[in-house]
Amino acid sequence: MRNQNYNVPSGISSQFSVNLSLEIFKKMCLVRYFELGLIDAIKEKQVNYQAYLSTGQEAIAAALATEIRDYLVFTQHRAHDVYLTFGGNPKMLRDEFLGLPTGTSQGKAGSNCLQFHQNGLVMFGHHGFIGENVPQAVGAALATKKKTVCFFGDGAAEEDYVFSAMGFAATHKLPVYFVCIDNDLSILTPTKVRRSWKITDIAKAFGMPAIDIADDPWTILHQTQELNNNLPALINCYVCRAHWHVGVGVDDPPEWDRYQLVKNELISLGHEHSISDIEKQVRQSMETLWDKKLLLKPLKQ
Amino acid sequence: MGQETVAETIKAITRKHLEENNSLLLGQCISAVGWVNGTVPDCQGIIELPMTDIAGAGIAVGAAMMGIRPIFVVRFQDFMTLNGSPFINYAAKSKELHGRSTPVFIRALASEGIGPVHSGVLHSMFMHFPGFLVCSPMTPKEYKNVWQVFMEKDDPVFVSEHRLSFQSTEELLDVMHEHADITLYAISASRFQLAEVANELGKEGITCNIVHIVWLKPFDILDRYLEPLTRSKRGLIIDASFEICGAARSIAYELEQASGYPVKALGLQDNTKCLCPPFQNKFPDAKKICESVRKILST
C-alpha cells in the first residue's frame, strides 16, 4: 500500500533527460524556498493571513508543469505548488499574502483561492468548498473541449459532487486529467478512518484509466505521458504533507520527504554540482523576495 | 397585448443564444417531458445533466468561467437549495474576489399548489448573497429586457420564473391615481392578482395604485416606486415567497426608509407549502391581498 516507492519503476529517473530532471528539481526548489520565506514572514507577523502550505507535495506539480503547462488548470486550497511551478508570479503571490493590490487577487482572496491568468497560464482556484473545482474543471472542458487538469485531495475525493462530475466527464469523454494529491489526511483524520474504498477504483468503474502512484516526479511524468492522450483519466498520488492543514505548525515528521529523495536520486545520477547551483540560485532569489527590509516597503503602501 | 407567450419568448431567446453564440443550456430532464413547459428549443447546445444537483450546477459554473454565458435550468426552485451552492460560493464571488466574472443565467421555475417540494419560490434567498442580480419577469417584454441585461452585464443572474406566467401574452402595466388610498407593489405571480384586487376594492371605494416590480436586486429606488407612495402615503409589497427575511419585507423597508411613509409586507406564512388545501400556504391571492389592504387602511 501507500509508501514512497508505490508503483515507482526501478531506474525510472534515468529515462528522462538531465535537463528535464533539473528543471523539475528547480521547480520543487522554488516552492520549498518560497514557502520557507513565507513561514518566516508568518512567524514574524509580517504576514497575518492563513497559509495552506504545499511543502512536501512539490514534486507532483513540478513534474506536471513540465508536461501539461498548456492545460486549463483548476486547483484546490493547497495550490502554492501548482501556482509557482506552472508559472505564477512569486511576487504577486507574496503580495497577495501581504494584502496588497498587486497581489494575485488584489489581496482579497488569499492562499486557498489562488488564481492566475497571465503568461499563457489559465489557473482557477476554488473558493473553499472542498472539491468544488472538480465539477468546474469538467464544465470548463465541456464548454471549451480543451485539455484540463484538476488537482484535488483525498478528502475532496469523498465529496459526492466530485464523483458525479467524474462520471459526467466519463460519459461525455471530456479531456480532463484528475490529479488526486493523496496525503492521507483530512485535516488530521486519516483516510482509513473515513472510508474503505479507493478513488482509483471509482474512476475505473466510470471507465477511465486510473492508477495509484507515489509522488516520484519521474513516475508521474511517465504516467502522464501515457495518459494524456487517453483522457479523462485519474492519478492518485501518495504524498506527505509537511505542515498542518493550515498554518506553519508541524506534527510528527512526514513518512518521507520527496524533496530530499529527489535530491538523493539526482546526486546518485551525478548531478550534485548542478543541483547545488540550482538550490543556491533559487534560495537567493526567494530570500530577496522575502527580504525583511524590502517587505517593510510594500507593507507601508 | 402581444401574440407571443412568455414560454415562447424564453424558447426563442434560448434558441438564438445557443445557435448564434454556441452557448450551452444545462439542466435535468430537459427533453423528456415537454421541454420544460415548452420553454426549451430542440436545438444544439442542450446538455442533459444526470441527476447530480450540486455537480450539475458546478459544471454550469465551470462553463460560465469560460465565458460562454450558459443557461442553467432548474425545473423547481426548491431544488436550488441543492443546486445553489456552486453559484453562491463561486459564481457570485468571483468578480469581487478576482476581478473575473462568471456570468450564468439561472432559470429557476416556480409553481403553485403542487406540494412541499415543487411549489417553492426562493428568490429571496439569492437576494441575500452579494454578487447576484435577481429578477422575476412575468411578461414577454420583461423577459426580453432581463435577457438583454444579462448579455450586457457580466454577473450571474437569478431569474425567478413562475409557471403561472408561461402562457401569458400580457404586459402588466402600472396603474396610477391622483388620490389613491394605498400603493400596491407586487412581485412574481402575485402580480397577476392585482387587477382583481383593484376591482374588488374599488367596489368598496378604496383606490389602489398598482406598481410592478421585476428587479429585486439591485433594488433601485425609482421615481416610479416613490412618487405614487408619496401621494397615497401607504404602501404594501406583495410577494410569492416567504415573508420572513423575504423580498417583500426587504423592499418594504427600503421604500419606507426612502419615503418616510409606512410600507407593509405580505408574503407566504412561515409554514411549509403543503400539498392540499387548506395547508397549501399559497401565494397571496386577490382575497388575501384585499384583506391585508383593508387591515392597513383600518389602522
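How much area do chain B and chain A bury between them? In this predicted model, local features need pLDDT of at least 70 and side-chain atom pairs count only at pLDDT 80 or more, while totals for chains, interfaces and linings use all residues. Side-chain values use heavy atoms, without hydrogens and water, residues are numbered from 1 along each chain as its sequence is written, and chains are lettered from A in the order in which they are written.

The two chains bury about 2100 Å² between them, 73% of it on carbon and sulfur atoms; buried area is the accessible area (1.4 Å probe) that two parts lose on being put together, summed over both. Ile59(B), Met66(B) and His98(B) supply 26% of the area that chain B buries against chain A, more than any other three residues. The contact (heavy atoms within 4.5 Å) takes 26 residues from chain B and 27 residues from chain A. On the side of chain B that touches chain A, 15 residues are nonpolar, 7 polar and 4 charged, with Ala, Val, Leu, Ile, Met, Phe, Trp, Tyr, Cys and Pro counted as nonpolar, Asp, Glu, Lys and Arg as charged, and the others, Gly among them, as polar.

Val162(A) is buried because its relative accessibility is 0%, where buried means under 20% relative accessible area (1.4 Å probe, protein chains only). Beyond its neighbours within four places in sequence, Val162(A) is in contact with Gly131(A), Val134(A), Phe152(A), Ala156(A) and Ala157(A). The C-alpha atoms of Val162(A) and Pro135(A) are separated by 6.5 Å, although these residues stand 27 residues apart along the chain.

Methods. Buried < 20%, exposed > 50% of the residue type's maximum accessible area, 1.4 Å probe, protein only.
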